[in-house]
Amino acid sequence: VDVPTLDGKVKLKIPAGKSVDTLILNGGECEPWITCDDRLMRERAEDILEGARIMQHLLGASEVLIGIEDNKPQAIAAMRAACAATSFEVIAVPTLYPSGGTKQLTQILTGRETPSGGRSTDLGVQMFNVATAYSLARAVLHGEPLISRIVTVTGNVEQPRNYEVLLGTPVKELLALA
C-alpha cells in the first residue's frame, strides 16, 4: 500500500539502502484550538491501532511510539487501552508548540535529532498522523475509500466543534453549521 505525501514522496515505501526501526504516530494537534485528532483517538482508537499495525508491517518497524499531548487525557487513556495487548507505547508529550512537528516529536520521543535538510527516515524513523492510520485501516480492512475527514471548526463562531465532512465540502457550509 502506498500513501502519497503532499510532495509526491511515498511514506510507506522506504528508499533502497534505508530502513525504519521506529514508527511514530503523531497524536498532537498542529494548532492550539484544533481537537479533531483528540476526538478521533477517543472514539476510534481501535481502528487507529489497526492502521498502525499495517504501517508497522509495511515498514518493518520493530517499535511503534504514539505521541499524544498531555492535555488530552481521554485520548491518552483510549489509546493506551487499545494498545494494552501490544508492544506499542503511548507517550504523553508536553503541550508546547511546536511539539507536534515531525522533527520536534521525533526528538522528544526518540532522542534522535533530524539534521537540518534531513528527513526522519535518515534516522530510521517514519511518522504518520493518527488520522492517516485510521484512514489506512478503513481502506485496507474494510475497502472504504477516503471520502471524509474529521475537521475542527473554531474561532469566531457560535459553536466551535468537530465535524466529519466529505472531502470537498465548502468551508462556508461548515461555518454555517457552527
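Is Met79 buried or exposed?

What you have on screen is a predicted model, so local features need pLDDT of at least 70 and side-chain atom pairs count only at pLDDT 80 or more, while totals for chains, interfaces and linings use all residues. Residues are numbered from 1 along each chain as its sequence is written, and side-chain values use heavy atoms, with hydrogens and water left out.

Let's start with the fold. The chain has six helices and six strands; these are DSSP runs numbered from the N terminus, with helices being H or I of at least four residues and strands being E of at least two. Going along the sequence, the order is β-α-α-β-α-β-α-β-α-β-β-α.

Now the overall dimensions. For 178 residues, a compact globule would have a radius of gyration near 16 Å, and the chain agrees, with 16 Å. That radius is taken over C-alpha atoms, and the globule rule is 2.2 Å times the number of residues to the power 0.38. Along the principal axes, the C-alpha atoms fill a box of roughly 50 × 35 × 35 Å.

On contacts, meaning heavy atoms within 4.5 Å: take those between residues at least 6 apart in sequence, and 62% of them join residues at least 24 apart.

For the surface, the accessible area is about 9,700 Å², with 53% belonging to carbon and sulfur atoms. Those areas come from the Shrake-Rupley method with a 1.4 Å probe, and for residues only the protein chains shown count as cover. Of the 178 residues, 39% count as buried. Here buried means under 20% relative accessible area, exposed means over 50%, and partly exposed is in between, using a 1.4 Å probe and protein chains only.

Back to Met79, then. Met79 counts as buried because its relative accessibility is 0%. The residue sits in helix H3, and beyond four places in sequence it touches Met41, Ala45, Ile48, Ile66, Ile68 and Val90. Met41 is 38 residues away in sequence, yet the two C-alpha atoms are 6.5 Å apart.

That brings us to the interior. In soluble globular proteins, nonpolar side chains tend to be buried together. A nonpolar core here is a set of buried Ala, Val, Leu, Ile, Met, Phe, Trp, Tyr and Cys residues joined through side-chain atoms within 4.5 Å. The largest one has 33 residues, and the members touching the most others are Leu25, Ile48, Met55, Ile66, Ile68 and Met79. Two or more residues each come from strand S1 (22–26), helix H1 (36–43), helix H2 (45–59), strand S2 (63–69), helix H3 (73–82) and helix H5 (130–142). H2 gives the most, with seven residues.

Leu25 shows how these pieces meet. Setting aside neighbours within four places, its contacts include Ile48, Ala52, Met55, Ile66, Phe128 and Ala133. There is also a second, separate core of seven residues, with Ile24, Leu65, Leu109 and Val125 among them.

Beyond four places in sequence, Gln126 touches residues including Lys11, Ile14, Thr22, Ile24, Leu59 and Ser120.

Two loop residues next. Ile34, in the loop between S1 and H1, is partly exposed, with a relative accessible area of 21%. Apart from neighbours within four places, Ile34 is in contact with Glu29 and Thr152. Gly60, in the loop between H2 and S2, is exposed at 54%.

Where is Leu174? In helix H6 (residues 171–177). Leu174 is buried, with a relative accessible area of 10%, and, leaving out neighbours within four places, it is in contact with Val151, Val153, Tyr163, Val165 and Thr169. By contrast, the C-alpha atoms of Leu174 and Gly17 are separated by 45 Å, with the two residues 157 apart along the chain.
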